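Here is a quick tour of a protein model, one topic at a time. Have a look at the fold before reading on.

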Amino acid sequence: MPTLILVRHGRSTANTSAVLAGWTPGVALDERGAAQAAALPARLEALPLAEVVASPLQRCQETIRPLLDARPGLRAHTEERIGECHYGDWSGRKLAELMDEPLMEVVQSHPSAAAFPGGESMRAMQTRAAEAVREWNARVERDHGADAVYLMCSHGDIIKSLVADALGLHLDLFQRISVEPCSVTAIRYTRLRPFLVRLGDTGDLASLAPREAPPTGDATVGGGAGAP
């Protein structure tokens, strides 16, 4: 099955103003986020990306734009199910004021029980994102082969929940995972299990390119030799 490259959007105006953006319209990349997006094509240059899939939200669409400009033949798709969590009444509010909400303790310590007022639960968020990935895995494998690499540009909580899903972690542990803006997380899927091969990477990604011998689906005893 394919390798999924998960890119969190670049730093946004909501990030710098410490606001929980959610699906609030008009949240764009800030100056640093635009620079991060501009650097993405070079970071991904060694990877033969088969498809690009992105959240419909502006900050994700802006993040993938330089990559699509650099690879005019690359097909891009919008996927609602990897859009940000629907935070409902919390959307657009300052994170500092949300810290006083009783629900915040649940979000931090027991997220599988957290449901945002006027929004969705964190369980529903993870479920829709994981279903989207599984469907895209099958689609990409069908159209491009089992060793294909494709990219999804999404959001912090979505990516963290997908990492937890890949590792078999309960959603209550997903807050232990950290992914920075425009960081790359890579999950290599096989018939039996996924392998997390990058988490929140902000450096070179050439070693993620497909190798001559495809992965078997078995874990390497001792940890493996790394990139050739």
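## Ground rules

Two residues are in contact when they have heavy atoms within 4.5 Å of each other. The model is a predicted one, where local features need pLDDT of at least 70, side-chain atom pairs count only at pLDDT 80 or more, and totals for chains, interfaces and linings use all residues. Residues are numbered from 1 along each chain as its sequence is written, and side-chain values use heavy atoms, with hydrogens and water left out.

## Gln 126 and its neighbours

Leaving aside residues up to four places away in sequence, Gln 126 touches Ser 161, Ala 164, Asp 165 and Leu 171. Gln 126 sits in helix 6 (residues 122–144); helices (H or I, at least four residues) and strands (E, at least two) are DSSP runs, numbered from the N terminus. With 14% relative accessibility, Gln 126 counts as buried. Buried here means under 20% relative accessible area, exposed over 50%, and partly exposed in between (1.4 Å probe, protein chains only).

## The overall picture

The protein has seven helices and six strands, in the order β-α-α-β-α-β-α-α-α-β-α-β-β along the sequence. Of its 228 residues, 47% are buried. Among contacts with a separation of 6 or more, 69% come from residues 24 or more positions apart.

## Helix 2

Helix 2 (residues 31–43) passes a simple length check: at 1.5 Å a residue, its 13 residues should span 18 Å, and its end C-alpha atoms are 19 Å apart, which agrees. The expected span is 1.5 Å times one less than the number of residues.

Which residues of helix 2 are buried? They are Gly 33, Gln 36, Ala 37, Leu 40, Pro 41 and Arg 43. Viewed down the helix axis, these buried residues fall within an arc of 160°, so they line one face of helix 2; the arc is that of the directions from the helix axis to the C-beta atoms. They pack against strand 1 (3–8), helix 3 (58–70), strand 5 (184–189) and strand 6 (194–201). On the other side of helix 2, Glu 31, Ala 38 and Ala 42 are exposed.

## Cysteines

How many disulfides turn up in the whole structure? A search finds zero, a disulfide being a pair of cysteine sulfur atoms within 2.5 Å. For Cys 182, the nearest cysteine sulfur is that of Cys 153, 7.3 Å away. Cys 182 is buried, at 2% relative accessible area, and Cys 85 is buried too, at 0%.
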